[in-house]
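Hi,

Here is the structure I promised to pass on. Have a look at it first, and my notes follow below.

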Amino acid sequence: MLKRKLNKTSFITTSFILLAVSSGSKSLLYGPGDNIDGRKHAKPHANWKLYHSFDSAGLCTCLSHIPEEELVNAPRIQLNANITHYVKDHHRKNGMGLEKLKTSGSRYFTLIDTIFTRHEVPVELKYLAVIESKLNTRAVSRVGAKGMWQFMPVTAREYGLKVKGKYDERVYAYKSTVAAARYLTYLYRLFDDWLLTVAAYNSGPGYVYAAIKKSGSRNFWVLQRFLPLETRNHVKRFISTHYYYEGKGSLATLTKSEREAHFTAVESFIAKQNELTEPLDSLKIDTETARLNQ
């Protein structure tokens, strides 16, 4: 994390937004996928937008009711063109180290998955810990951030960690991950956008609000030039690391507008599949009725 201080105006703005959101629906968050009826022509769950689970092909699990042969043209999460070259270069330079972490850090990944699922945070956000500290619970930055999640003392205390003298819970994997889940939840409630959440995790929400104001946009790819260089690269490293480990994107790698466009595409695809299958269902019923009346 960047060493940061919010000015008085930013603090007041943040407080008002948090108050407004905290009184709203919990559905701002994307929780674990829910089981969907496996019948061939079953309708998707009414609240499918609340979930972020994707299968190995990058398909939303809300499409699991559709036969496999009909999924060829189904919407998938795509890598934003702004970062294609960055991802390739990052993988080339860091692939060996990321591969080693896949094995050495497996127990931390499992721990984070469990805690993030419980707190309804996308498990893909675990890759933040990779770029923050390489999963090193004892990592210390030049500005005093510490632990796997690189909390500054003031933020650590705010989210329930004890930091006093030689006793420092930032180095405890379990407790610091719970704090990270709570902090990510707070940031997402402010921005309703996972890329802006990742940016704010690095720089603090004040810098992100300033970038939004200067750019006139809430789209990371538009406002990024108004963010500190470290923060811009932080978001890009997160996306790149996500693609390295997952081989695909998720809602955590999309801007809010990209996410909404994906939802629209999925809805359109489902509607089209329903149009194709409903006549077949009617024909099957009519045929069965005719047989019984013979």
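A quick definition before anything else: buried means under 20% relative accessible area, exposed over 50%, and partly exposed in between, with a 1.4 Å probe and protein chains only. Also, this is a predicted model, so local features need pLDDT of at least 70 and side-chain atom pairs count only at pLDDT 80 or more, while totals for chains, interfaces and linings use all residues. Residues are numbered from 1 along each chain as its sequence is written, and side-chain values use heavy atoms, leaving out hydrogens and water.

At the start of H7, a side-chain oxygen of Asp193 comes to within 2.9 Å of the backbone nitrogen of Leu195. After H7 comes Gly204, with a positive phi near 100 degrees.

Now the aromatics. Rings of Phe, Tyr and Trp (its six-membered ring) pair if their centres lie within 6.5 Å; planes under 30 degrees apart are stacked, over 60 edge-to-face, and the rest tilted. Searching the whole structure gives 16 aromatic pairs. In one of them, Phe116 and Trp149 have ring centres 5.6 Å apart and planes at 35 degrees, so the pair is tilted. Phe116 sits in H3 (residues 106-118) and Trp149 in the loop between H4 and H5 (153-158), 33 residues apart. Both Phe116 and Trp149 are buried.

Tyr183 and Tyr201 are tilted too, because their planes are at 50 degrees, with the centres 5.5 Å apart. This pair links H6, which holds Tyr183, to H7, which holds Tyr201, 18 residues apart. Tyr183 is buried, with a relative accessible area of 4%, and Tyr201 is buried at 0%. One aromatic cluster takes in Phe116, Trp149, Phe151, Tyr159, Tyr183, Tyr186 and Tyr201.

Last, which helices each supply at least two residues to the lining of the second largest pocket? They are H2 (84-104), H4 (127-133) and H10 (229-246), and H2 gives the largest share, 6 residues. By class, the lining has 4 nonpolar, 4 polar and 3 charged residues; among the lining residues are His90, Lys93, Arg237 and Thr241.

Cheers

How values were computed. On a 1 Å grid over the protein atoms alone, a cavity is a set of points where a 1.4 Å probe fits but cannot get out, and a pocket is an open set with protein on both sides within 12 Å along at least five of seven lines; lining residues have an atom within 4 Å of a point. Helices (H or I, at least four residues) and strands (E, at least two) are DSSP runs, numbered from the N terminus. Ala, Val, Leu, Ile, Met, Phe, Trp, Tyr, Cys and Pro count as nonpolar, Asp, Glu, Lys and Arg as charged, and the others, Gly among them, as polar. A polar contact is a pair of N or O atoms within 3.5 Å; within protein, one must be able to donate a hydrogen and the other to accept it, and residues adjacent in sequence count only if both atoms are side-chain atoms.
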